[in-house]
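Please open the model in the viewer and keep a selection panel at hand.

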Amino acid sequence: MDFYKLEATGNDFVIIQSDNNENINVKKICDRHFGIGGDGLITIDQNKKVTIYNADGSIAKMCGNGLRCLGYLLSKIYNKLDFDVFLANEKIQLSIDYQSNVTVLMPQPILLMKENEYYVQVLNNHLVILSKDIDCCVFDEYVKEKVEKEHLNVHFVQVLNRNNIKIKTYEYGVKETLSCGSGAIAAFYTLLMLDKVDEQINVISLGGSVICFFKNNQYYLKGKANLIYKGVIIDGF
């Protein structure tokens with residue numbers, strides 16, 4: 001079975017074109033010591049139905065960076081710049097420009113507030129925690145337990161100015177990652193509702209920067225993705 005390894009702001013994924021996922025050993029493929037290695041695995045079938053797995057084998061309802069990787073790969077395979085794919089019965093629009101930036105039209109976020117904490121749904125669940133200095137923030141055992149129990153991603157977010165923010169992420173099913181696309185949108189949406197940022201911002205993570213913007217009442221994630229290599233999965237994986 002052929003596979004592709006891609007990354008977007010350090011969030012790396014194994015992508016497979018497959019109509020049957022039953023025999024795919026996600027945990028073993030994503031293992032960085034005994035497999036290919038990745039934050040997740042993505043499959044796409046001939047009808048453009050997408051399934052996203054976390055590294056632990058659990059299903060991810062949304063992954064903005066994974067979709068950026070997928071959009072870049074599809075553009076290389078089919079020599080096109082626009083695609084519609086289907087994730088959890090949602091149509092997701094992907095577009096690629098000539099500088100290899102992939103833009104994802106993200107699902108409409110939903111903001112829930114609880115005791116001054118910001119819970120945001122972008123198909124998947126996020127907890128946005130504002131901080132004056134995220135470099136001092138640590139994902140302690142309380143945060144890790146919360147992630148596992150509530151199946152959400154936790155983000156420490158720092159506003160630098162109205163056009164730039166910093167973010168640090170701990171993801172359900174993956175642990176700490178270099179970036180999170182849906183988390184960037186969750187943070188942007190929260191800050192936009194609080195009038196702390198403008199309608200287009202740079203989101204700076206450990207893996208690099210992406211652009212989040214709001215246009216025509218819709219939320220977009222934009223940034224580069226890279227194909228690292230292509231290979232063949234042997235029997236046993």
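Select threonine 190 and its surroundings: beyond its neighbours within four places in sequence, threonine 190 is in contact (heavy atoms within 4.5 Å) with Leu111, Tyr118, Val120 and Val128. Threonine 190 lies in helix H4, residues 181-193; helices (H or I, at least four residues) and strands (E, at least two) are DSSP runs numbered from the N terminus. Its relative accessible area of 0% makes threonine 190 buried (under 20%, with a 1.4 Å probe and protein chains only). A C-alpha distance of 7.2 Å separates threonine 190 from tyrosine 118, 72 residues apart along the chain.

This is a predicted model, in which local features need pLDDT of at least 70 and side-chain atom pairs count only at pLDDT 80 or more, while totals for chains, interfaces and linings use all residues. Residues are numbered from 1 along each chain as its sequence is written, and side-chain values use heavy atoms, with hydrogens and water left out.

Next, select the cysteines. The structure holds zero disulfides (pairs of cysteine sulfur atoms within 2.5 Å). For cysteine 63, the nearest cysteine sulfur, that of cysteine 180, is 6.7 Å away; cysteine 63 is buried at 9% relative accessible area. Cysteine 212 is buried at 0%, and its sulfur is 10 Å from the closest cysteine sulfur, in cysteine 180, which is too far for a bond.

Finally, select Cys180 with Thr9, Asn65 and Ser205, which are among the residues lining the largest cavity. The lining comprises five nonpolar, seven polar and no charged residues.

Key: Buried means under 20% relative accessible area, exposed over 50%, partly exposed in between (1.4 Å probe, protein chains only). On a 1 Å grid over the protein atoms alone, a cavity is a set of points where a 1.4 Å probe fits but cannot get out, and a pocket is an open set with protein on both sides within 12 Å along at least five of seven lines; lining residues have an atom within 4 Å of a point. Ala, Val, Leu, Ile, Met, Phe, Trp, Tyr, Cys and Pro count as nonpolar, Asp, Glu, Lys and Arg as charged, and the others, Gly among them, as polar.
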